[in-house]
Amino acid sequence: MSSFADQRLRDLIEAMPDAIVMADPGGLIVFANSQAEQVFRYQRAELVGQPVEILLPERYRLAHVGHRGGFFAHPRARAMGAGLELHGRRKDGEEFPVEISLSPIATDAGTMVMSAVRDISLRKRAEEKFRGLLESAPDAMVIVDRAGLIVLANSQAVRLFGWSRDELLGKTIEMLVPERFRSRHPEHRTQFFLQPRPRNMGAGLDLFGLRKDGSEFPVEISLIPLQTEDGLLVSSAIRDVTERKQVEASLQQANRLKSQFLANMSHELRTPLNGIIGFSQLLADGKVGPLLDKQKEFLNDILNSGRHLLQLVNDLLDLSKIEAGRMELQEEDFLLPSAIEEVCAVVSPLAGEKRIALTRIVDPGVASVRLDRQKFRQILLNLLSNAVKFTDRDGKVEITVERLATGALRTTVSDTGIGIAREDLDQLFVEFQRVDRGTARRFQGTGLGLALTKKLVEIQGGSIAVESELDVGTVVTVDLPLAAAKS
């Protein structure tokens, strides 16, 4: 080393994070840093003076001599073997994947080549796990770079679109888009990279994919940004929804049959979800062993998602039962304050987090009532959950229950929340319709809660009304006829 570099260069090379091996035009190693010793498991003295090919698997050594000659014929900085799988060989014969960058170095002894060698075993293992995950995904997965070029595609994508993997890789994603949509697609892609976040693509639109044979099919697409060493990529999960579209078309003609079907499927839908939630809770509670913090975080995500989905399934099934005429009333005598407190206990944690004052005013004359207790609780829970959800920090939510002169029970839930514009009030009781303007956009939901609440009220012969003002609050009033108490 002393014959061609000073101490400063030596210190610089020693400080590099990669294994550095320098060779002369004859391919003999003249210097190796300590990282090279660690990576290749040779002592420095064992390397100096040896041909650089000892660091390569034997099957590559002969060809490497020619590559080395080509480099010295046209010396310039370059990444070696772009697009190839490169491997190094340790002293004990173990092979490992590497990335190599070459740089010519002018010295007193002539031009040398400095090879920066990086062991990418960990990255390769991570990539293999990622590829395995990609292959196990139920949907077609296509990963695209900023230029719109396909860098990865799983076997489901190959089957779905009819192209081979080699035909997909390196091509633009627009090849999978029908021609009439292609001109607009690059702009959508650019906008995603400007604001990368998970999203469902084309919400409310009819999206289509294009197969190799030219046939089109309806799709759903979810986009997820992926930050990688190669820059930002986007993962597209593509689902063929042909069958679903056909089912939807049929269901539009036979909505009642749909409702009857879903009502009959109550057990089949709830049972697997309850299993997912139950076993996830078991794991999260540490009943089968300790968990890492990240594992606990993932399990909590599963639990929350499962509970949210179960609530959604329950709401859908209840709606379907009502539409199918299969929702039965189970009237019973119960203490009204007790039922109200049970519901308040459910929403109190969220109200407490937001420092929302939750007050109850119950007419002493209606301490005991005869109603469908479960449905009354469900109605009140939906109303209270909405009130707390749409009320900002330090706000107020109030429940008032009284008996009207007509004998009906009036329940009023008022809040100091964000309110609803007059022109949006008609959307409140329509399934899957949400107010999506102003501050309401920041709140997630399915648009089922109030629609189901209205139906639960109406099947009991009651009525529901809403009064609201933007930035002031909302008042929801429910009147339910009381059944005569059994003696």
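**Close-up views of a predicted model**

**View 1. P198 sits in the loop between α9 and β9.** The loop runs between α9 (185-194) and β9 (199-201). The model is predicted. P198 has 58% relative accessibility, so P198 counts as exposed. The cut-off for exposed is over 50%. Setting aside neighbours within four places in sequence, P198 contacts L223, I224 and P225. V234 is 36 residues from P198 along the chain. The C-alpha atoms of P198 and V234 are separated by 9.4 Å.

**View 2. Q378 is a buried residue of helix α15.** Helix α15 spans residues 373-389. Relative accessibility at Q378 is 12%, and Q378 therefore counts as buried. Buried means under 20%.

**View 3. Helix α15 packs with helix α16.** Two packed helices are described by the angle between their axes and the distance between the axes. For α15 and α16 (residues 449-458), the angle is about 150° and the axes are 10 Å apart. Angles over 145 degrees count as roughly antiparallel. The two helices α15 and α16 are therefore roughly antiparallel to each other. Their crossing, α15 with α16, is left-handed.

**View 4. Residues of α15 meet residues of α16.** From α15 come K375, Q378, I379, N382, L383 and N386. From α16 come G449, L450, L452, T453, L456 and V457. The residues of this contact of α15 with α16 divide into six nonpolar, five polar and one charged.

Methods:
Residues are numbered from 1 along each chain as its sequence is written. This is a predicted model: local features need pLDDT of at least 70, side-chain atom pairs count only at pLDDT 80 or more; totals for chains, interfaces and linings use all residues. Side-chain values use heavy atoms; hydrogens and water are left out. Helices (H or I, at least four residues) and strands (E, at least two) are DSSP runs, numbered from the N terminus. Buried means under 20% relative accessible area, exposed over 50%, partly exposed in between (1.4 Å probe, protein chains only). Contact means heavy atoms within 4.5 Å. Axes are lines fitted to C-alpha atoms, for helices over the stretch in contact, and angles run from 0 to 180 degrees between N-to-C directions. Angles under 35 degrees count as roughly parallel, over 145 as roughly antiparallel, 65 to 115 as roughly perpendicular and the rest as oblique. A crossing is left-handed if the near helix is turned anticlockwise from the far one by less than a right angle, and right-handed if clockwise. Ala, Val, Leu, Ile, Met, Phe, Trp, Tyr, Cys and Pro count as nonpolar, Asp, Glu, Lys and Arg as charged, and the others, Gly among them, as polar.
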